[in-house]
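Work through the exercises below with the structure open. Try each task before reading its solution.

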Amino acid sequence: MPLEPSAKGTVPFGEYRTWYRVTGDLTADKPAVVVVHGGPGSTHDYLLQLTELAERGWPVVHYDQIGNGGSTHLPNKGADFWKVDLFAAELSNLLEQLGIADNYVLFGQSWGGLLAAKHAMTRPAGLRGLVVANSPASYPLWLSEMAVLRAQLPPDVQETLLRHEAAETFESPEYLAAMRVFYDRHVCRILPWPRDFLSSFMEIYNDPTVYYTMNGPNEFHVIGTLKDWSIIEELDLIRTPTLLISGKYDEATPVTMQPYFDRIPTVRWEVFENSSHCPHLEESERFTEVMTGFLDELAERPAELVRPAGEVRS
């Protein structure tokens with residue numbers, strides 16, 4: 001049975017537990033918006049702004065992926081455990097456990113966008129819409145674009161980053177300060193960082209097992225197990241109406257997101273001119289308007305979501 005409104009708790013995932021939070025009423029007529037956070041190894045906190053959708057009648061489900069936040073932590077598991085298929089299975093299990101597998105929309109941000117797209121490739125009957133926000137379609141593309149963005153940093157910052165990366169001194173205060181220059185340009189341009197964003201940032205470093213194993217020490221130095229992973233060749237399998245979201249200054253550059261636009265048949269792309277990697281925080285009012293517009297179209301005029309050729313809105 002669907003959960004009561006505004007519920008929090010955990011659901012079983014094999015021998016582990018997945019933490020969730022529901023805002024709104026899962027018994028409402030509108031499909032639930034399931035929020036798939038980034039990382040891998042982050043938490044739901046930085047995406048709490050999406051609870052505003054519940055005020056407009058769309059129930060919202062947040063959850064923490066296994067290994068972080070309120071879900072089961074497994075700091076002794078190695079790289080052979082932390083696989084993409086693990087997180088894909090966890091998402092499918094969550095939908096079933098919450099009783100919403102027959103009627104839902106996925107919102108995936110950053111790594112969560114690849115995970116949500118991978119789920120959509122299976123063409124689940126209950127998936128009504130897909131939002132891929134600030135997400136590369138390929139980590140090799142991501143890495144090549146990171147080189148472009150890093151080359152635009154001040155020379156002294158570049159030198160500091162390279163020196164500490166060669167020495168693998170990623171916890172050095174000097175390295176962290178140089179890293180912050182990149183983050184303030186391409187991850188979140190609001191200063192000081194919003195509380196929800198900072199909460200997720202700190203959660204990663206409270207238990208970096210998943211992030212360090214699969215990604216690496218930070219957003220632009222990806223040396224983990226995902227460094228060669230791509231979903232480009234499988235994007236043709238997606239038949240779900242899809243909304244792409246990115247920021248003008250996003251670390252997920254247009255090059256990294258273009259494959260979604262080229263290969264998903266029913267897709268639209270919204271670019272936020274004053275944002276980087278977090279338009280939901282950096283331009284929250286417009287973000288909510290874009291999201292509710294897409295959700296309303298899903299409910300009222302799904303046949304009209306086929307894009308005109310080359311439609312990218314900013």
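**Exercise 1.** Find which residues of helix α2 are buried.

Solution. Helix α2 covers residues 111-120. Helices here are DSSP runs of H or I with at least four residues, numbered from the N terminus. Buried means under 20% relative accessible area, exposed over 50%, and partly exposed in between, with a 1.4 Å probe and protein chains only. Now list the buried residues of α2: Trp111, Gly112, Gly113, Leu114, Leu115, Ala116, Ala117, His119 and Ala120. That is nine of its ten residues, so α2 is mostly covered.

Before going on, note that this is a predicted model: local features need pLDDT of at least 70, side-chain atom pairs count only at pLDDT 80 or more, and totals for chains, interfaces and linings use all residues. Residues are numbered from 1 along each chain as its sequence is written, and side-chain values use heavy atoms, with hydrogens and water left out.

**Exercise 2.** Work out which residue of α1 pairs with Lys118 of α2, and how accessible each partner is.

Solution. Start with the rule: a salt bridge is a side-chain nitrogen of Lys or Arg within 4 Å of a carboxyl oxygen of Asp or Glu. Lys118 pairs with Asp85, and their closest N and O atoms are 3.8 Å apart. The two residues are 33 apart in the chain, with Asp85 in helix α1. Lys118 is partly exposed, at 22% relative accessibility. Asp85 is exposed, at 51%.

**Exercise 3.** Describe how helices α3 and α8 pack.

Solution. α3 spans residues 139-150 and α8 spans residues 254-263. Their axes lie 8 Å apart, at an angle of about 150°. Axes are lines fitted to C-alpha atoms, for helices over the stretch in contact, and angles run from 0 to 180 degrees between N-to-C directions. Angles over 145 degrees count as roughly antiparallel, under 35 as roughly parallel, 65 to 115 as roughly perpendicular and the rest as oblique. Therefore α3 is roughly antiparallel to α8.

Now find the contacts, meaning heavy atoms within 4.5 Å. Leu141, Trp142 and Glu145 of α3 meet Val255, Thr256 and Pro259 of α8.

**Exercise 4.** Identify the residues with the most contacts inside the largest nonpolar core.

Solution. A nonpolar core is a set of buried Ala, Val, Leu, Ile, Met, Phe, Trp, Tyr and Cys residues joined through side-chain atoms within 4.5 Å. The largest one has 101 residues, and Phe107 and Tyr260 have the most contacts inside it. Helix α1 (residues 84-98) gives the most to this core, with eight residues. Leaving aside neighbours within four places in sequence, the contacts of Tyr260 include Gly113, Leu114 and Ala117.
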